[in-house]
Amino acid sequence: MTESLNQSLLALALDIAKSTSEILVNQRPENMAYESKSTPVDLVTEMDKAAERHIVQRVKDVRPNDSFLGEEGTALPPENPSNVKWIIDPIDGTVNYFYNHPYWAISIGVEVDGEIQVGVVAAPLLHETFYAIKGGGAFVLHDGVKKKLQTNSGASIEKALLSTGFGYDAERRKKQGALLAEMVVIARDVRRAGAAALDFCYVAAGRLDAYYEFGLYPWDFAAGSLIVTEAGGRVGGLAGDKLGGDWSLAANADLFDEVDQLVTKLSKKYF
Ligand code: LIP
C-alpha cells in the first residue's frame with residue numbers, strides 16, 4: 001500500500017512541479033510586485049504567493065484532506081486531515097528569481113505519517129528536475145533524459161568543494177561571513193549560489209562534496225534531504241542532531257563527519 005501511495009504522490013508532485021514551472025517562467029512579470037519579510041532584503045514576490053496557491057490548489061483538487069506547510073503561509077489543516085503533508089517552497093532562491101538569475105527551484109517534499117517519502121526539486125531555467133522516493137533512489141531529469149544520482153565518495157575537507165548560504169539579517173551575516181572566512185582557507189573552495197534545495201541536489205549529484213547553512217526552514221530542506229540520502233549521502237544537524245535545528249548539513253557519506261566536526265568547532269567560535 002505504501003509503495004503505491006508513494007508512487008502516486010511522486011507522480012502528482014512531478015506534474016505539479018511542471019505546471020508551476022510553466023507559470024513561473026511564462027508568466028514572470030517584468031515589474032514584479034514584492035514585499036519585505038524579516039528584513040528589507042528578505043523578499044516575497046507576487047509569484048512566490050501565486051506559485052504556492054497553484055501548488056496547494058492542484059493538491060486539493062486530487063487530495064482534499066492533505067495538510068500543508070508552505071513558506072508563504074499555507075498551513076491551515078483540513079477538518080479531517082489525512083496522513084499526508086505537503087512541505088512547499090514555491091520559489092527557493094527568491095532573490096535569484098527576482099533578478100532573473102537561473103539558480104532557483106520549486107521544492108516539494110511529501111511526508112506520510114511524519115516521514116518524508118517523496119521529494120521533487122524542479123529548476124526550470126536549468127532544465128532539470130531532481131526527485132526521489134523513499135527506498136527507490138534519486139534521479140534527475142535533464143531535458144527529459146533520466147539519470148540516477150549518486151554522491152561523490154571520499155574527499156578530505158582540504159579537497160572538498162563546499163556550498164553555503166546566508167540569512168537576510170546583517171548581524172547573522174556577519175557571523176556567517178566570519179565562519180566562511182575560515183572555511184574558505186581550509187576547503188578546496190566554497191560556492192554560494194542562493195537556493196538551498198538545489199544545493200542539496202548538487203550534493204546528491206556529486207557536483208558538490210558538502211553543503212552547510214545556518215537558519216534553514218523545513219521547506220528549504222524537506223525535498224532535498226531525501227534526494228541526498230537516496231543518492232547515498234548523509235544529512236543532519238551538527239554533532240549528531242537531526243535536520244530541523246539551527247544548522248543543516250549535507251555531504252557524501254565519507255566526508256560528513258569531518259564537515260560536521262569542523263562546522264561544529266567554528267560555530268562555537270562565531271555563533
Ligand atoms: C533561500 C535559501 C538559501 C539561503 C537564502 C534564502 P528563499 O531561501 O534557499 O540557501 O541562503 O538566504 O533563505 O528565501 O529564497 O526561499
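1. In the second largest pocket, the largest share of the lining, seven residues, comes from α6. Helices (H or I, at least four residues) and strands (E, at least two) are DSSP runs numbered from the N terminus. This is a predicted model, in which local features need pLDDT of at least 70 and side-chain atom pairs count only at pLDDT 80 or more, while totals for chains, interfaces and linings use all residues. Residues are numbered from 1 along each chain as its sequence is written, and side-chain values use heavy atoms, with hydrogens and water left out.

2. The volume of the second largest pocket is about 520 Å³, a volume being the space filled by probe spheres set on grid points that are joined across faces, edges and corners. A pocket is an open set of points, on a 1 Å grid over the protein atoms alone, where a 1.4 Å probe fits, with protein on both sides within 12 Å along at least five of seven lines; lining residues have an atom within 4 Å of a point. Of its 19 lining residues, Glu115, Ile116, Ser225, Val235 and Leu243 lie nearest the centre, and β6 (115–123), α6 and β13 are the elements that give two or more residues.

3. Domain 1 (2–148) and domain 2 (157–270) each supply at least three residues to the lining of the second largest pocket, with domain bounds taken from an automatic or database domain assignment.

4. The largest pocket holds about 720 Å³ of space, and among its 35 lining residues Asp42, Phe166, Gly167, Tyr168 and Glu213 lie nearest the centre. Since domain 1 and domain 2 both give residues to this lining, the largest pocket lies between them.

5. Which strands form the open sheet, and in what order? The order is β11-β10-β12-β14-β13, with mixed pairing, where two strands pair if DSSP finds at least two bridges between them. The edges are held by β11 (189–191) and β13 (233–236), each with a single partner strand, so one side of each is left without a neighbour in the sheet.

6. Strands β10 (residues 161–163) and β12 (residues 210–214) run parallel and are joined by two bridges, and Leu162 stands opposite Ala210 in β12. Helix α5 (residues 196–204) packs on the sheet, touching β10, β12, β13 and β14 (247–252), where contact means heavy atoms within 4.5 Å. Helix α6 (residues 218–230) also packs on the sheet, touching β13 and β14.

Key: Axes fitted to C-alpha atoms, helices over the stretch in contact; angles between N-to-C directions.
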